[in-house]
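Here's a quick briefing for anyone meeting this structure for the first time. Have a look at it, then read on.

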Amino acid sequence: MARDMSDKEILKMELDQLKLEVNTPRTAVSTTAPEIIAFVEGKSAEDPLIKGVPEDKNPFKEKGGCIIT
Amino acid sequence: MCDQTFLAITFGPCDNCSQNKPLMNIYLKNEPINYCSLCVELMACQGLAKGETTNTLKAESESLKAKLEEERAKLHDVELHQVAEKIDALGQFVMKTRRTLKGHGNKVLCMDWCRDKRRIVSSSQDGKVIVWDAYTTNKEHAVTMPCTWVMACAYAPSGCAVACGGLDNKCSVYPLSLDKNENLAAKKKSVAMHTNYLSSCSFTNSDMQILTSSGDGTCALWDVESGQLLQSFHGHSADVLSLDLAPSETGNTFVSGGCDKKANVWDMRSGQNVQSFETHESDINNVKYYPSGDAFATGSDDATCRLYDLRADREVAIYSKDSIIFGASSVDFSLSGRLLFAGYNDYTINVWDVLKGTRVAILFGHENRVSTVRVSPDGTAFCSGSWDNTLRIWA
């Protein structure tokens, strides 16, 4: 595990990882940012924490008095 | 607790070079050896290839990191909040504590929602794991673990079991039964075994597999039925504090964050670390995938939360303020991903607008640090657990 490895072994592990990562395919932020925004806009309409939930439908809103059944 | 180690120095002829020097008393395969420090160094270096020293490895590592930064910077042509300027700002937020769940005798360390949107499991420092009904605040089940500091708990997707673990280095699964009188501890099944504390656990899409992360620096995937290790993930150089699975539609990956300030994205099938991000300045306490699966957020002891985009392979937003100096212990997104809820060690919960990077609300109420924040599966409320022994449901 990480604690049992010597500094040199940890450095070797990091080095191998970096070699892999330099070659990962990437997309520009100008492409991905609008996509994230579009996703959020699409789902915001249905997000209960943003649009709010009417009192009678929300199970967590305070109940009135005691209900004896 | 302090460990005081006393090093006794002996002086005499070295076993290797026969010079009279201060000797280091070390043991090789249980045999005591008296080498001088020079010979010990030479011996340690034999494990490396010719010409490699710590310095050359470090230099190569630094140059690769610089190259990586260069590659990433090429694609950083615009900031997220700039693109988000044309969106409407969010309205005023009115979120209050709707329920307070009292019953734990000590700090609440972790909690998880059940998929039925109503039940919650929470674990605390005193070893108790409690299953609550959030609508009525009733306790449905309680289990006492044999260890303290139960730092991880998770609800199974079916709602029929809970997994938990902590200082016992194991992850145990307890099947929940409808019979209140049944002794849950008797049915416990030990699934994971690590060599250090369990920091986080999560079921995959079924009740059959569990993913765990541990203070020993590794994450592991286990089969619940047999307790067998299916895959292990090595790559962190310090304790791993948190993990999160990608939302089911987007594939078999998960993200983990740890004390080495790195957040790593892993492929579950191959065990390979596919992406790594190191921009935080301190331990990463919590990681959470964005609802779309293309990004993830992290909360860290450096008092910031950051958003990393997986396809652009870089950090795209930082959520911080000069007035926030305490670390963020836990983060979660609202259903649409527009809001980021973050619990901090200064007893507050800050709500951030993910796209614009601004704070929309601060929630007060807890009387000690907030250790965990989770939004319910249908997004109608979120629950926070704190070191003040209570859990609060906000809506």
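Helix 1 of chain A passes helix 2 of chain B in a left-handed crossing, meaning that the near helix is turned anticlockwise from the far one by less than a right angle. This is a predicted model, where local features need pLDDT of at least 70, side-chain atom pairs count only at pLDDT 80 or more, and totals for chains, interfaces and linings use all residues. Side-chain values use heavy atoms, leaving out hydrogens and water, while residues are numbered from 1 along each chain as its sequence is written.

**The helix pair**
- Helix 1 (residues 7–22) of chain A and helix 2 (residues 54–74) of chain B pack at about 25°, with axes 9 Å apart; axes are lines fitted to C-alpha atoms over the stretch in contact, and angles run from 0 to 180 degrees between N-to-C directions.
- That makes the two helices roughly parallel (angles under 35 degrees count as such).
- Residues in contact (heavy atoms within 4.5 Å) include Leu11(A), Leu15(A) and Leu18(A) from helix 1 of chain A, and Leu57(B), Leu64(B) and Leu68(B) from helix 2 of chain B.

**The sheet in chain B**
- Four strands form an open sheet in the order 5-6-7-8, with antiparallel pairing; strands pair if DSSP finds at least two bridges between them, and helices (H or I, at least four residues) and strands (E, at least two) are DSSP runs, numbered from the N terminus.
- Strand 5 (108–113) and strand 8 (138–144) are the edges, each pairing on one side only.
- Five bridges join strand 5 to strand 6 (residues 119–124), and Cys110(B) sits opposite Ser123(B) of strand 6.

Key: Chains lettered and ligands numbered in written order. Parallel < 35°, antiparallel > 145°, perpendicular 65-115°, else oblique.
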